[in-house]
Amino acid sequence: MDLQLDRQVGIVFGGASGIGLAIVQQMLAEGMRVVVSDLSNDGVAVANGLSPSGDCRGHVADITDEQDVRSVVQQTIDAWDGLQHVVVAAGTGSGKFGFPFWNLKPADWRRVLDVNILGSAIVADAVQGPLRENAPGTLLLFASVAGQIGSQTDPPYSAAKAAVINFAQCAAKDLAPYDVRVNAIAPGMVQTPLNRAVWKSWHDQTPEEERVDYDAWAAEKIDKIAPLARWQTAEDVANAAVFLMSPRAKNITGQTVNVDGGQVMHS
Ligand SMILES: NC(=O)c1ccc[n+]([C@@H]2O[C@H](COP(=O)([O-])OP(=O)(O)OC[C@H]3O[C@@H](n4cnc5c(N)ncnc54)[C@H](O)[C@@H]3O)[C@@H](O)[C@H]2O)c1
């Protein structure tokens with residue numbers, strides 16, 4: 001299927017690892033020009049490795065820092081004279097096991113809310129002007145099934161992802177008159193450093209005799225919660241991401257698309 005994204009310009013914040021990286025690769029495969037932005041030089045290294053020819057560039061930015069984000073947006077426009085698609089794949093958990101919620105202290109919430117929801121708002125604020133000027137375009141945010149089911153694993157993460165779903169709806173309504181579509185993706189279980197960190201935080205606070213390794217923990221969880229009973233892959237998520245960017249999805253906005261093996265079903 002031709003997704004008609006050839007030569008379009010995109011930025012993936014949090015593009016150096018996991019799902020974000022798979023999205024960058026799919027965007028390049030569709031012939032797009034892509035900026036990979038991440039916390040460290042990893043994004044630059046990824047960009048150099050993926051496209052020595054120059055269709056992929058890397059810039060360092062913390063999405064909680066407005067100046068960083070604005071600078072990446074400006075450098076993208078300066079380089080390629082446009083911007084049609086922006087993805088916020090950057091995300092983080094608290095790194096602690098949050099069941100019951102009082103296992104976490106209020107101070108554990110701040111960075112999780114800052115990155116997942118405030119970071120999404122900071123990026124949206126910085127890109128809304130360029131996306132409107134270069135319309136049609138898309139903004140894609142990252143939620144999680146955790147934000148739909150009140151997951152007890154990491155309450156600030158669940159709460160932040162619920163907020164992302166709501167903000168995607170607000171932004172979709174505000175940007176619809178300009179033909180800029182805003183959607184969110186809610187992955188379920190994808191093997192990435194972030195997913196492994198969830199297991200690690202559970203593992204470290206569980207009595208030694210009850211601990212199991214990452215594979216066994218994940219297998220039991222997936223079997224229990226996902227009707228399709230299998231891992232989702234970063235590529236599965238990236239397929240949905242590029243489809244949502246494309247004109248094939250021109251009437252899809254304000255949605256949270258679950259790529260979760262059927263864990264959450266919308267009515
Ligand atoms: N992996 C899963 O099972 C899963 C499930 C549900 C939702 N998600 C969501 O999908 C998105 C991608 O997650 P992933 O699993 O690929 O994680 P990952 O840890 O592999 O990648 C996240 C990337 O975001 C970057 N990042 C973190 N904080 C940042 C910040 N402040 N500024 C810029 N970059 C930052 C990291 O450096 C990393 O490169 C996240 O929003 C995550 O919450 C993942």
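Student: What makes up 70% of the contacts in the protein with a separation of 6 or more?
Tutor: Residues 24 or more positions apart account for that share. A contact means heavy atoms within 4.5 Å.

Student: What kind of model is this, and how are residues numbered?
Tutor: The model is predicted: local features need pLDDT of at least 70, side-chain atom pairs count only at pLDDT 80 or more, and totals for chains, interfaces and linings use all residues. Residues are numbered from 1 along each chain as its sequence is written, and side-chain values use heavy atoms, with hydrogens and water left out.

Student: How many helices and strands does the protein have?
Tutor: Nine helices and seven strands. They are DSSP runs, numbered from the N terminus: H or I of at least four residues for helices, E of at least two for strands.

Student: Why is the protein called as compact as a globular protein of its length?
Tutor: Its radius of gyration, taken over C-alpha atoms, is 18 Å. Along the principal axes, the C-alpha trace spans about 60 × 40 × 35 Å.

Student: What share of the 267 residues is buried?
Tutor: 51%. Buried means under 20% relative accessible area, exposed over 50%, and partly exposed in between, with a 1.4 Å probe and protein chains only.

Student: Why is R7 called partly exposed?
Tutor: R7 has a relative accessible area of 40%. That value falls between the 20% and 50% limits, so R7 is partly exposed. R7 sits in the segment before β1 (9–13). Its phi is positive, about 70°, although R7 is not a glycine.

Student: Why does D179 count as partly exposed?
Tutor: Its relative accessibility is 42%. D179 lies in the loop between α6 and β6 (180–187). D179 also has a positive phi, about 60°, and is not a glycine.

Student: Which residues come nearest to the ligand?
Tutor: S17, I19, D38, Y157 and T192, of the 27 residues around it. A residue is near when one of its heavy atoms lies within 4 Å.

Student: How much of the ligand does the protein bury?
Tutor: 92% of the 830 Å² that the ligand exposes when taken alone. Accessible areas come from the Shrake-Rupley method with a 1.4 Å probe.

Student: Which helix gives the most to the shell around the ligand?
Tutor: α7, with three residues. Helices α1 (18–29), α4 (106–133), α6 (155–175) and α7 (193–204) each supply at least two.

Student: Where is the cis peptide bond with omega near -5°?
Tutor: From F99 to P100. P100 is in the loop between β4 (85–88) and α4. Another cis bond runs from A135 to P136, with omega near 0°. P136 is in the loop between α4 and β5 (137–142).

Key:
Rg over C-alpha atoms; globule rule 2.2 N^0.38 Å.
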